[in-house]
Each structure stands twice: as C-alpha cells, then as structure tokens.
Amino acid sequence: MLEVKRGSIGLKVKINNVSASLLLDTGAGGITVNSRIAEKAGVQKLAEHQIGGIGDAGASHGYEGFAENIQIGDLQFQNCYIDVVDKKSSLGEDGLIGADVFEHYLVEINFPDAKFVLSELPKHPDEAQEAATLDSDPAAVHPPVDRYIAPEMKSYDQVFRFGHMLLIPTSVNQKPFRNFLIDTGAFDNMITPDAARESTKLYSDSDVEIKGLSGKVKKVYETGDVWLFFGSFKEKKSLIAFDLSNISDSVGTEVSGSLGFGMLYLLDIKIDYRDGLIAFAYDPNRIH
C-alpha cells in the first residue's frame with residue numbers, strides 16, 4: 001500500500017528487518033537511504049562515493065552499501081546494493097526508492113487508490129523467461145533488447161529510457177516536442193528556462209524553494225499558465241523553471257523539464273521499463 005502524502009508518495013520497506021519509509025521516485029535510481037537508517041540496519045559499507053542530484057551545492061558525501069535482505073510487501077530479496085547518503089534532510093523520509101528497481105515487473109502506481117502493484121511482464125518472444133529480481137544497483141549495465149509491444153499494450157505510450165530515467169516527448173503550448181522526465185519525486189511540473197522562453201514568459205519567484213541531494217537551487221522562476229501535451233493527455237497550469245543542465249549532462253541528452261507529483265497524483269500509471277512503455281489512466285469522476 002502506498003502512503004500518499006502532500007507532494008510525495010511513500011513505500012514501506014524493511015532493510016535487514018529494519019523498517020523504513022522510502023519515497024517512491026520514478027526520477028531516482030536504485031535505493032538511497034540516510035546514514036541513520038543504514039547504521040540501524042547494519043548495512044555493510046563497501047566504497048565511498050559522491051551522490052548528486054538537483055541543487056547548486058555540489059554532490060553529497062556517501063557510500064555504496066550492501067544489505068543482506070530487503071522486504072517490500074510480500075516480496076523478499078537477498079544480497080542488495082544500496083546507496084547511503086549523509087544529508088538525510090534532503091531525502092525527505094528515510095530515503096528514496098527508484099521505481100526502476102522493479103524493472104523486471106510491470107509497475108503500477110495507482111495514486112487514486114493508493115496502491116502499488118507489481119505484475120508479470122508479457123513474455124518477450126525473443127528472450128528466455130527470467131525470474132524477476134530486485135534491481136537495486138543503479139550502476140548495473142543492461143544489454144539492449146528490441147522493444148516488444150504485446151497486444152494488450154498497444155495503447156501504451158512509448159518513452160525513452162536512459163538508465164533509470166524515463167523521458168516522454170512533451171509539448172508546451174503546442175511548440176515542438178521536448179523530452180520531459182516522468183518524476184513522481186518532484187513536487188510539481190518543472191521546465192528549464194530555455195525551454196520556457198520558447199513558448200511563454202518567465203517570472204522571478206523567490207518564494208519557491210527547490211532542494212535536492214545537491215542542496216538548494218539558487219535561481220528559480222515561474223511561468224504563467226501553459227498547456228502541456230504528452231501522450232494522449234493535456235493539462236493547463238503554471239510551471240516552476242530552473243536549470244536542469246546537471247541532469248542533462250548525466251543522461252547525455254537534453255532534459256527540458258519534468259512531470260511531477262502535482263499532476264501525476266491524479267493518474268493510475270503503468271510502466272514497462274523493459275520495453276519503454278507507459279500508460280496513463282485518468283478518471284474524471286474520481287475524487288482525488
């Protein structure tokens with residue numbers, strides 16, 4: 001069961017039998033916990049490294065750790081790699097869990113019903129069936145496979161997958177499509193200043209504070225109301241604007257914005273990481 005809170009969703013997890021509440025984040029990769037939870041759970045330290053994200057203060061100090069077991073609902077996984085970061089205040093709850101760790105399943109994030117469901121993926125005709133596992137190592141390299149669109153997924157939208165990130169072509173005010181990150185960990189929809197100037201005006205908005213694993217963002221702007229078009233959906237609302245070049249640099253392609261919790265919480269979302277497919281369902285008769 002998901003814990004839907006203001007601006008985020010949480011997933012109950014046990015790490016070495018220690019309970020933790022992790023933010024379910026489609027914009028993050030693997031599992032990241034703060035040092036307090038890691039020490040309590042007896043996570044084994046393997047190697048120090050820097051962990052970066054949104055913000056202008058630089059990467060956070062952390063390390064790669066090893067957990068003997070992780071339990072999520074009725075599922076139990078052994079021998080898992082996780083990231084541990086010192087700056088626990090930037091994580092929100094006890095840490096983050098990227099939806100990509102469930103990439104061997106069809107992932108459903110049903111916001112209206114507060115449900116998180118994992119189902120078996122359709123068998124790929126050219127691949128041997130493998131046992132589903134927890135893919136907790138964001139640095140793992142996965143060999144490319146041809147996209148397979150099963151008959152029951154003909155209505156799904158195609159997305160571009162770069163590591164743990166899912167980018168969907170999105171148009172702002174019917175301008176040319178740009179790649180936006182699907183990010184349940186972001187509190188609202190966001191856009192880069194350059195992409196915003198192509199289709200609307202920017203206004204200084206010093207009251208909005210953006211903070212991530214790399215600290216606060218110094219320069220934050222806001223647009224007026226704009227129309228967003230992605231898949232078969234359109235939404236009219238204002239956007240938060242700030243520089244996302246660090247994300248674009250890490251991905252290796254331009255990321256012009258993100259679709260965040262402020263809009264995604266209205267939807268029932270199904271993700272097929274293997275084939276780069278996603279489905280958004282919206283029921284206007286539901287109370288959200």
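Reader: Which strand gives the most to the lining of the second largest cavity, and with how many residues?

Author: Strand 13 does, with three residues. The model is predicted: local features need pLDDT of at least 70, side-chain atom pairs count only at pLDDT 80 or more, and totals for chains, interfaces and linings use all residues. Residues are numbered from 1 along each chain as its sequence is written, and side-chain values use heavy atoms, with hydrogens and water left out.

Reader: Which residues line the second largest cavity, and what makes a residue part of a lining?

Author: A lining residue has an atom within 4 Å of a grid point. The residues that line this cavity are T170, S171, V172, K175, P176, R178, F180, I191, A195 and E198. Strand 13 (165-172) and strand 14 (178-182) are the elements that give two or more of them.

Reader: Why is N110 called buried?

Author: Buried means under 20% relative accessible area, exposed means over 50%, and partly exposed lies in between (1.4 Å probe, protein chains only). N110 has 8% relative accessibility and therefore counts as buried. N110 belongs to strand 9 (residues 105-110). By the same cut-off for burial, 51% of the 288 residues of the chain are buried.

Reader: What does the side chain of N110 reach at 3.0 Å, and with which side chain does it make a polar contact?

Author: A polar contact is a pair of N or O atoms within 3.5 Å; within protein, one must be able to donate a hydrogen and the other to accept it, and residues adjacent in sequence count only if both atoms are side-chain atoms. The N110 side chain reaches the backbone nitrogen of D113 at 3.0 Å. Its partner among side chains is that of D268, at 3.5 Å.

Reader: Why is K115 called partly exposed?

Author: Its relative accessible area is 43%, so K115 is partly exposed. K115 sits in strand 10 (residues 115-120).

Reader: Why is I278 called buried, and which residues is I278 in contact with beyond four places in sequence?

Author: The relative accessible area of I278 is 0%, so this residue is buried. Contact means heavy atoms within 4.5 Å. Beyond its neighbours within four places, I278 is in contact with Y156, D157, V159, I168, I182, I269, K270 and I271. I278 is part of strand 25 (residues 277-281).

Reader: Why is D188 called buried, and where is D188 placed?

Author: D188 has a relative accessible area of 17% and is therefore buried. Its place is the loop between strand 14 and strand 15 (190-191). Residues up to four places away aside, D188 touches K237, S258, G260, F261 and G262. With the side chain of K237, the D188 side chain makes a polar contact at 3.0 Å.

Reader: What sets the phi of N16 apart, and is N16 buried or exposed?

Author: Phi of N16 is positive, about 50°, although N16 is not a glycine. At 16% relative accessibility, N16 counts as buried. N16 is in the loop between strand 2 (8-15) and strand 3 (18-25).

Reader: What is the phi of N79, and is N79 buried or exposed?

Author: N79 has a positive phi near 55° and is a residue other than glycine. With a relative accessible area of 51%, N79 is exposed. N79 belongs to strand 7 (residues 75-85).

Key: Helices (H or I, at least four residues) and strands (E, at least two) are DSSP runs, numbered from the N terminus. On a 1 Å grid over the protein atoms alone, a cavity is a set of points where a 1.4 Å probe fits but cannot get out, and a pocket is an open set with protein on both sides within 12 Å along at least five of seven lines; lining residues have an atom within 4 Å of a point.
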